[in-house]
Amino acid sequence: MYRNNVEVSIPADDIAARVRELGQRITEDYRDRRLVLLSVLKGSFVFTADLARSIDLPLRVEFLGVQSYGDSTTSTGVVQITQDLTKPIEGEDVLIVEDIVDTGLTSSYLMNHLQHRGAASVKLCALLHKPAKTAVPIDISYLGFTIGDLFVVGYGLDAAQRYRNLPDLCILKE
Ligand code: IMP
C-alpha cells in the first residue's frame, strides 16, 4: 500500500483553512485590479484550484510549465520553461502561484521573466517555504506554511511524478 511510504505532515483540513485565509487577503488586496493567477505547473495545480475558488474576484487563471528538478529531489538551479503562456500578460497584475519555494531560484527567475513581459505588477504566493535552502532573496507576499528541510509530497507535490494526488502534505519515509 503506497500510503505506508508516507507520513502526514500537514493535514488537508489545515491546508484548506490556510488557503481560505490567503484567498480572503488576496480578495481584499486585488479589488479593482486585473488579477491573473499564474499557476506554475505541475506542482501548484491543486493549490491553484483551491486558491482560485477562495478568491472572490473576476480573476484570470493562466498556466506556465516549469521544470527545475528533473526527477531528482535536489535543485539543479536550471529553470526550463516546458509550457509557455498562451495569452499576453501585459498590463495585468500577476500573482505567481507556487507550490514550494526551496532555493528560490525558480520563483526569482519567474518574477524577473514576467516583469520583462510587461506585467503591471508581479507578486508571489507560495503554499510552502523551506528557508533552510534559500539561495536568493525572495519576497513571498502570500505564504501558506514554513517547513523544515524535508522533502514533502501530496497536495500537488511529487517525488518523481508520484504522490501528487495525496490530499494531505506528507513526508516521504525512506
Ligand atoms: P526552487 O527553485 O529550489 O525554489 O524549487 C522550486 C521547485 O522545486 C518547486 O516548485 C517544486 O516543484 C520543487 N520542490 C522543492 N522542494 C520540494 C519538495 O519538498 N517536494 C516536492 N517538490 C519540491
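Which residues does F47 touch, leaving aside those up to four places away in sequence? In this predicted model, the list is V19, L22, V97, E98, C125, A126, L127 and Y155.

F47 belongs to the largest nonpolar core, which has 28 residues. Within that core, I26, F47, L51 and L128 have the most contacts. Several elements supply two or more residues each. The helices among them are α1 (12-29) and α2 (45-54). The strands are β2 (35-41), β5, β6 (121-129), β7 (142-146) and β9 (169-172). In soluble globular proteins, nonpolar side chains tend to be buried together.

Now turn to the ligand. The shell around it has 18 residues, and D99, T103, G104, T106 and V152 come nearest. By type, the shell divides into eight nonpolar, five polar and five charged residues.

A polar backbone atom of D102 is 2.8 Å from an oxygen atom of the ligand. T103 uses its side chain: an N or O atom there is 2.5 Å from a ligand oxygen. T106 also has a polar side-chain atom 2.5 Å from an oxygen atom of the ligand. The ligand alone exposes 490 Å², and the protein buries 93% of that.

Two elements give two or more residues to this shell: β5 (93-101) and α3 (105-116). Strand β5 gives the most, with four residues.

Notes. Residues are numbered from 1 along each chain as its sequence is written. This is a predicted model: local features need pLDDT of at least 70, side-chain atom pairs count only at pLDDT 80 or more; totals for chains, interfaces and linings use all residues. Side-chain values use heavy atoms; hydrogens and water are left out. A residue is near a molecule or strand if one of its heavy atoms lies within 4 Å of it. A polar contact is a pair of N or O atoms within 3.5 Å; within protein, one must be able to donate a hydrogen and the other to accept it, and residues adjacent in sequence count only if both atoms are side-chain atoms. Accessible areas come from the Shrake-Rupley method with a 1.4 Å probe; for residues, only the protein chains shown count as cover. Ala, Val, Leu, Ile, Met, Phe, Trp, Tyr, Cys and Pro count as nonpolar, Asp, Glu, Lys and Arg as charged, and the others, Gly among them, as polar. A nonpolar core is a set of buried Ala, Val, Leu, Ile, Met, Phe, Trp, Tyr and Cys residues joined through side-chain atoms within 4.5 Å. Buried means under 20% relative accessible area, exposed over 50%, partly exposed in between (1.4 Å probe, protein chains only). Contact means heavy atoms within 4.5 Å.
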